[in-house]
Amino acid sequence: MSTVAGTFRIARREGAARAWYAFSRNSTSVAGLIIVVVVVLWTAFAPWLTPFPRHARAFTDIEHANQPPGLPYLFGTDTIGRDIFTRVIFGYRFSLLLGLVVLSLAVPVGVALGLAAGYFRGWPETVIMRVTDVFLSIPPLALALAIMAVLEPNLQNAMLAVSVMWWPWYTRLVYSLVSSLRQEAYVQAAEVVGASPAHILLRELLPNCLPAILTKMTLDMAFVILIGSSLSYLGLGVQPPDPDLGTMVADGAKYMPDLWWISVFPGLGILLIVLGFNLFGDGLRDVFGVEV
Amino acid sequence: MGYSSYLIRRVLLSVLVLLGLSILIFTIARVIPGDPARIALGPLASRGQIDALRQEMYLDRPIHVQYAYYLSGLLRGDFGESLYTHRPVTDDLRDLFPATLELVLYSGLIMVLLGVPLGVLAAYYRDTWVDNAVRLFSLGGVVTPAFVWAILLMLLFAHALAVLPVAGQFSASMTPPPQVTGLVTIDSLLDFNLGAYVDFLRHLILPAVSLALAGIAQAARLTRASMVDVAGRPYIEAARAFGFAEYRIALKYMLKPSMIPTMTILGLDFAALLGNAFLVEAVFNWPGIARYGVEVILRKDLNAIVAVVMIIGLFFVVINFLIDIAVGYLDPRIRLAHAEA
């Protein structure tokens with residue numbers, strides 16, 4: 001037994017090495033990964049890696065207000081003298097947090113429902129997939145707006161609203177995967193030897209759905225961050241004085257074109273992180289050979 | 001027979017989706033902590049006033065009766081009165097929605113007219129610099145939020161180059177044309193007022209393009225992918241063996257079947273434009289429903305929120321329905337599959 005397990009372990013390690021090799025051959029995927037890693041690390045150590053960490057929250061320095069980009073204010077300062085560069089880096093914290101929380105709420109729910117609908121068929125399939133269809137046919141922003149309508153606008157509620165609109169995509173993805181996987185010989189073999197549905201779902205089907213789920217999660221980090229910044233931009237997400245990229249763009253838009261840097265740099269900041277996750281996710285998709 | 005049963009199924013599905021959306025909003029509206037009547041009247045209202053309003057809003061009745069009243073209101077297009085403007089919500093929408101609709105329609109037009117040809121070009125000149133340029137452009141379109149595009153385009157074309165107007169729907173010197181359809185560009189044409197038409201178009205360009213960019217990117221990507229997919233089919237080889245001109249093969253034998261998968265997604269993108277219009281309208285001070293929508297959400301003005309969300313949902317469902325009809329018409333497999341079933 002142990003030799004068989006050992007063989008599997010070696011095979012898995014070789015598979016991972018091969019996957020990394022395939023991934024690293026694609027320069028845009030690697031660029032995406034580098035962007036993501038750099039932004040995540042920079043954000044994690046923001047208090048030490050930004051010139052004016054105190055500017056991240058409420059802070060006023062009227063003497064240095066409205067400075068154009070230059071030194072020491074790399075991206076300029078806003079109308080009350082806060083360093084835009086510092087605030088962009090701190091702003092990533094909210095974007096990344098939003099992405100992580102939304103996916104960790106939406107993915108387990110969506111995946112569980114997709115597994116159940118794809119495997120059990122019959123009425124669970126009908127009920128789950130029809131409800132999923134209704135959720136998918138509601139325009140995402142309308143749903144988020146409807147939910148925000150009854151809640152106080154803040155980060156937690158924005159996360160909740162986006163999560164509610166995100167799970168159906170995973171249900172549909174896993175459902176379509178499981179519908180075809182359940183015909184595979186190894187699933188039928190497990191059924192024949194009397195494996196429990198829990199074993200089949202979690203040990204046979206789920207691991208085979210993981211590449212597609214992980215790829216979609218990476219790509220979705222990009223889209224969740226986009227939606228989150230849109231909600232903040234409309235004033236329905238992160239509230240001042242916390243720095244959020246969407247809120248900062250909205251603030252700066254009032255002072256166009258003279259103080260253009262107040263919105264342009266946070267806007268480019270959103271672009272950068274979304275680009276990073278997008279390229280990284282595209283690379284994973286090619287390596288895993290999955291359709292998401 | 002096959003096609004009509006397909007259509008009937010689509011209509012039923014659309015109705016189901018709208019019903020689902022109405023139940024969802026109703027539920028959301030009822031789970032808010034606090035009494036809607038008290039929220040509507042503010043903290044200074046007396047007990048008697050609140051009770052009167054509760055009765056008027058049917059809040060004292062059982063929940064299914066409340067839903068029945070709410071649904072019959074929706075069906076009659078009666079959303080009640082806005083707590084924010086103190087006018088019937090329907091009147092507010094009638095004033096504001098046409099401007100948004102016009103923006104979205106032009107944006108959708110730009111999305112298709114630019115996106116599809118770009119995709120065709122990329123597929124035709126596959127793996128050349130043209131293809132790479134289109135890919136780079138598509139990536140930019142997808143990863144940039146519409147409001148960032150709006151700000152960048154505004155800085156470049158309205159401020160730095162000063163070739164297009166900064167904001168608004170028309171110049172201050174213009175008077176809006178007599179209202180026929182509510183869409184100012186069409187009304188100005190009906191009025192034979194070419195000057196006004198040009199002025200409106202110039203104001204439309206920046207907002208419509210900023211709104212369309214993500215969709216253009218998506219359209220180009222999808223068109224390219226399905227063209228490349230179709231290009232490998234044997235019948236394309238056959239057409240080539242017959243000696244048909246390459247452009248003819250591309251446009252006639254590759255583009256048409258490629259449009260079927262592309263159209264479905266484009267329909268979703270087109271419908272999503274209405275939601276994204278919220279993001280662009282604010283930048284360009286466009287007199288549409290965006291500011292109203294956000295304002296009523298912040299003020300917890302339930303009647304107006306329901307109307308705004310339902311109108312976005314309705315638009316979404318109508319567009320998807322139209323696309324389904326078109327796809328069913330274009331794709332004989334769908335018609336035939338349903339005829340057999």
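Biologist: What order do the elements of chain B follow from the N terminus on?

Modeller: Remember that this is a predicted model. To read a fold, list its elements from the N terminus. For chain B the list is α-α-α-α-α-α-α-α-α-α-α-α-α-α. That comes to 14 helices and 0 strands.

Biologist: And how many helices and strands are in chain A?

Modeller: Chain A has 11 helices and 0 strands. Its elements read α-α-α-α-α-α-α-α-α-α-α from the N terminus on.

Biologist: How much of each chain counts as buried?

Modeller: Count neighbours: a residue is buried if 20 or more other C-beta atoms lie within 10 Å of its own. In chain B, 40% of the 341 residues count as buried. In chain A, buried residues make up 47% of the 292 residues.

Biologist: Why is A:Gly114 classed as buried?

Modeller: Because 29 other C-beta atoms lie within 10 Å of its own, and the cut-off is 20 or more.

Biologist: Now helices. How do I judge whether one is straight?

Modeller: Compare the expected span with the distance between the end C-alpha atoms. Helix H2 (residues 27-44) of chain A has 18 residues and should span 26 Å, at 1.5 Å a residue. Its ends are 25 Å apart, which agrees.

Biologist: What about helix H9 (residues 194-231) of chain B?

Modeller: A straight helix of 38 residues would span 56 Å, but H9(B) spans only 44 Å. Look for a bend. H9(B) has a kink of about 45°, centred on B:Ala212. H9(B) is also mostly covered, with 27 of its 38 residues buried.

Biologist: Back to H2(A). Which of its residues are buried?

Modeller: A:Ser29, A:Gly32, A:Val36 and A:Thr43 are buried. They cover an arc of only 75° around the axis, so they are on the same side of H2(A). The face turned away from that buried side carries the exposed residues A:Ser27, A:Val37, A:Val38 and A:Leu41.

Biologist: Last topic: the two chains together. How many residues does each give to the contact?

Modeller: Chain A gives 35 residues and chain B gives 38. On the side of chain A that touches chain B, the elements giving two or more residues are helices H6 (140-150), H9 (197-233), H10 (245-253) and H11 (261-288) of chain A. H6(A) gives the most, with 9 residues.

Biologist: What classes of residue make up that side of chain A?

Modeller: Sort them by class. The side of chain A that touches chain B has 28 nonpolar, 7 polar and no charged residues.

Conventions. Residues numbered from 1 in each chain as written. Chains lettered and ligands numbered in written order. Predicted model: local features only at pLDDT ≥ 70, side-chain atom pairs only at ≥ 80, totals over all residues. Contact = placed C-beta atoms within 7 Å. Helix = DSSP H or I, 4+ residues; strand = E, 2+ residues; numbered from the N terminus. Nonpolar A, V, L, I, M, F, W, Y, C, P; charged D, E, K, R; others polar. Buried ≥ 20, exposed ≤ 12 C-beta atoms within 10 Å, placed from the backbone. Expected span 1.5 Å × (residues − 1). Bend = angle between axes of the 7 residues up to and from the residue. Arc of directions from axis to C-beta.
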